Amino acid sequence: MTAENTSPATGSSTPPPSPPASAVEKPPVSSPAPSTEVTADPLSSINPKEVVFILRAAPGPSSAPGYLVYSLLAPPRQNSDERFVYTVTHLPRLPDDSPLREFLFDSLPAYLAAPRKVHVVVSTRSGLRQAEGFYADVLAPLLKVVGLEEGDGGGYTTTVTKSAETIRELGRELGREGTAGNATVVLLSGDGGVVDLLNGLDQVGGAGAPVIVTLPMGTGNALFYSLHKHHFVLEGKAAPVRRDVVALRTLLGGRAEPLPTFRAAFSPGARLLAPPTDESVAATPTPTPTPTPAPSTETTAPLPSAPPRETNLHDDEDDDDDDDDEGHPTPHLIGAIVLSYGFHAALVWESDTPSHRRHGALRFYMAANELQKTAHGYDALVSVRRPGDPEGVFTRLLPPPFGPGPDGKGKPGSEKFTYLLMTLVSNLERTFGISPHSQPLDGKMRAVYFGEVGESRTSIAMGAAANKGEHVGMEGIGYEEVEEVKVVVGEGEGRRWRIFCVDGSTVRVEKGGWVKVRREKGGRAMIVVS
Ligand SMILES: Nc1ncnc2c1ncn2[C@@H]1O[C@H](COP(=O)(O)OP(=O)(O)OP(=O)(O)O)[C@@H](O)[C@H]1O
């Protein structure tokens, strides 16, 4: 007979039990006294897929020896008031051959330990706005258990975002102070937090490469899922380990690797758009939250009626490469995930209203359903520099040939594009595999593209991509590795068709505007993976 102590904990309702002293140096700790509850086998009460880490519990005056297993329960339901909850289970013993031993915690990884300066960033607008709850209920208490507390003198600092500028400003600050190379930034955000940080750093430049740890709190979390896709393989019918568990395990036991990036230079006058408000799209029909394609009609959703809020992109006056033919400084953005034009860019933008955001990742499918009805062919001159091509040598890219789609609406002879996306990653969401050949951190940029294939083929292609990247190899879909891509927009009056997506941010170019995107060699940041 053995004793068990299992206590659920959240950041506010139940304080976490004190951790043991043996595994970590600070703070001074003691293991919790076993409860009087007696069970046959506490080990069997533990779900290995929920275990974050295990501490060795030292015997003390009021504590029992053994092990403390920290597990994370399922996250709150979408749009509910539920809290994140973790549990602590006391095990008197852990057999030598137990698979749980892989979760034994020894010490903080170097990227979280002194002398590194650790910054925790809580992005309040990411995804379903759960980052603050996750920080308070789970992250802060668990970091404390392993010896890392908020505060000066060796602790971490916490930044809670107040605006879309907060994370950029942190990047600029690290750059200005010259401390980026010694900084570890733990981002409770989606992909946007990463791109914000990279671009803040880029604005001041030359400050060293920080280590980034992502705790995915966004909608798509493309970077996190792409870097950790091997953790999410379905084992038969069993569900994979949850992403919050994988993320916390990675935080405490990952390794830092160079993060591949790209640089996107835009034509003069390009603007970074703030997310659309509900008011600005008030005339847009309320979409139905369903991931299945809507029936085919030839309607076009109205454009946002109010002008979006816009900011200038960063002008880099020192960079001659970006100068256009007349020598104007050209704005640019740094990305680590995707740059897209056409269908993908439009749906990311149009799904970014508060009312769409309430639906989590479904927002992308809702916007896609509306957008694909337009079957818009985007007028663009696209050219690529392929691996092995000399600098400056570009080849025109045309949509691959295809036959008429099931709805008979494609335009097989057209040179316009419906879809054009350059990516450094494999996944846009957990199962949405846009570039199945991409391996984590391989640093290769790949283009995925197709022409004016019509609504039904667009829907089929997107459905196949959502099913782990099965679109690759389908008729009419281009997929290849590229070093550099130029896109000159031929669209005129329709502002809706002149936007690009860079890692979830939206950039609108002027009529005749363009982008040049090129893969970088790395060195802007390190990313923690497992
Ligand atoms: N308080 C705030 N006010 C305005 N903007 C904010 C605030 N907090 C965060 N932001 C911005 O909101 C954006 C949130 O994007 P993020 O990518 O993290 O989430 P997401 O779009 O839901 O996820 P994903 O990109 O993974 O699909 C970031 O660019 C961030 O700078």
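The model is predicted; local features require pLDDT of at least 70, side-chain atom pairs count only at pLDDT 80 or more, and totals for chains, interfaces and linings use all residues. Residues are numbered from 1 along each chain as its sequence is written.

Strands (E, at least two residues) and helices (H or I, at least four residues) are DSSP runs, numbered from the N terminus. A residue is buried if 20 or more other C-beta atoms lie within 10 Å of its own, exposed if 12 or fewer, and partly exposed in between, with C-beta atoms placed from the backbone. In strand β6 (residues 86-91), 6 of the 6 residues are buried. Tyr86, Val88 and His90 point one way, and Thr87, Thr89 and Leu91 the other. Strand β10 (residues 211-216) likewise has 6 of its 6 residues buried. Val211, Val213 and Leu215 lie on one side of β10, with Ile212, Thr214 and Pro216 on the other.

Two strands pair if DSSP finds at least two bridges between them.

| Strands | Sense | Bridges |
|---|---|---|
| β5 (residues 66-72) and β6 | antiparallel | 6 bridges |
| β9 (residues 183-189) and β10 | parallel | 6 bridges |
| β10 and β27 (residues 526-529) | parallel | 2 bridges |

Tyrosine 70 has valine 88 in β6 as its bridge partner. Threonine 214 in β10 stands opposite leucine 187, and isoleucine 212 stands opposite isoleucine 527 in β27.

The ligand is surrounded by 21 residues, the closest being Thr161, Gly190, Gly192, Gly218 and Gly220; a residue is near a molecule if its C-beta atom, placed from the backbone, lies within 6 Å of it. Helix α3 (residues 191-204) gives the largest share of this shell, 4 residues.
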